[in-house]
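Reader: I'd like to learn how to read a few features of a model like this one. Could you walk me through it?

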Amino acid sequence: MLNSCTKLPYLTAIMREIDLERSDHGLPDDLHIVAAAGARGLSQLVLRADVAGMPLEWIDYKEAARLYHQEQVAYTCGSLLYELYGGINARTGRRTVLEVNSIVATVGHTGNPGNTRHDYVPPLNNQTLFRRDAYLCMYCAQRFASRELSRDHIRPFSQGGTDLWTNVVAACRRCNNQKASRTPEQARMQLIAVPFTPTYAEYIFLKGRRVLADQMQYLVAHFPRSSPLHDRIQHWLS
Ligand SMILES: [Zn+2]
């Protein structure tokens, strides 16, 4: 079920049977990992949240398993992604299994001050910018592949423009060339949407390479109600 969260009892005793350090140097015979169908291999990332449920970052399955090991996982949400099989417990004679879900909420230090700061500004790069703009050219409204888009400075550098989220949009090469070093008014071109600075949760979403449906639903629930991404994600999925 989407977004159903499960509180976990701490799993240290069980986890001791699973030697993560050894697994870093090639998997030992007694440890193997099975990816659920939804994970489509071992590269699917897990969404880490803090104990209040605020999204923090993307982590791989090893990092997720380590958090379980350190008793930092308070509860999990989403769907089962991986099963880690460890050694046989001498006392019970049972093989130990650790299940890693698509979303884990963790206690302890977040390491991401941006999550709690209202004035947080995420770093700007083309990949997240193009995703913010749903791969649409913000002038001609056509959709393009990432390689066909460019970063347009609405107010150009030559006229005092800066490299900030609110002054940049995705633009196709043709529109960018046509606009040249002019403002949209000077070039008589119109933006189809107002550029915005993503919040932390929006930024985590934009950074995700392959966001599973339950992870997306979880992240979207943390977007501001007014976020343009609500509509753009629909557009994107269509
Ligand atoms: Zn265009």
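Reader: Which residues of helix 3 (residues 61-69) are buried?

Author: First, some ground rules. This is a predicted model, where local features need pLDDT of at least 70, side-chain atom pairs count only at pLDDT 80 or more, and totals for chains, interfaces and linings use all residues. Residues are numbered from 1 along each chain as its sequence is written, and side-chain values use heavy atoms, with hydrogens and water left out. Helices (H or I, at least four residues) and strands (E, at least two) are DSSP runs, numbered from the N terminus. Buried means under 20% relative accessible area, exposed over 50%, and partly exposed in between (1.4 Å probe, protein chains only). In helix 3, the buried residues are Tyr61, Ala64, Ala65, Leu67 and Tyr68. They lie on the same side of helix 3 because they cover an arc of only 155 degrees around the axis. That arc is taken from the directions from the helix axis to the C-beta atoms.

Reader: Why would residues gather on one side of a helix?

Author: An α-helix has 3.6 residues a turn, so residues three or four places apart point the same way. Helix 9 (residues 229-237) is another case, with Leu229, Arg232, Ile233 and Trp236 buried. Their arc is only 105 degrees, which puts them on the same side of helix 9. The face turned away from that buried side carries the exposed residues Asp231 and Gln234.

Reader: What covers the buried residues of helix 9?

Author: Here contact means heavy atoms within 4.5 Å. The cover includes helix 4, helix 7 (200-207) and helix 8 (213-220).

Reader: And the metal: which protein donors does the zinc ion have?

Author: Donors are N, O and S atoms within 2.8 Å of the metal (3.2 Å for Na, K and Ca); water is not among the atoms, so sites may look incomplete. Cys137, Cys140, Cys172 and Cys175 each give an SG atom, lying 2.3 Å from the zinc ion. Cysteine 137, in the loop between helix 4 and strand 7, and cysteine 172, in strand 8, are 35 residues apart, so this pair links distant parts of the chain.

Reader: What arrangement do the four donor atoms form?

Author: Ideal angles are 109.5 degrees for four tetrahedral donors. Four donors count as tetrahedral if all angles lie between 85 and 135 degrees. Around the zinc ion the angles are 101 to 118 degrees, which makes the arrangement tetrahedral.

Reader: Is cysteine 172 buried or exposed?

Author: Cysteine 172 counts as buried, at 4% relative accessibility. Leucine 149 stands opposite cysteine 172 in strand 8.

Terms used:
Two strands pair if DSSP finds at least two bridges between them. Four donors count as tetrahedral if all angles lie between 85 and 135 degrees; four count as square planar and six as octahedral if opposite donors are over 155 degrees apart and all others between 65 and 115; anything else is irregular.
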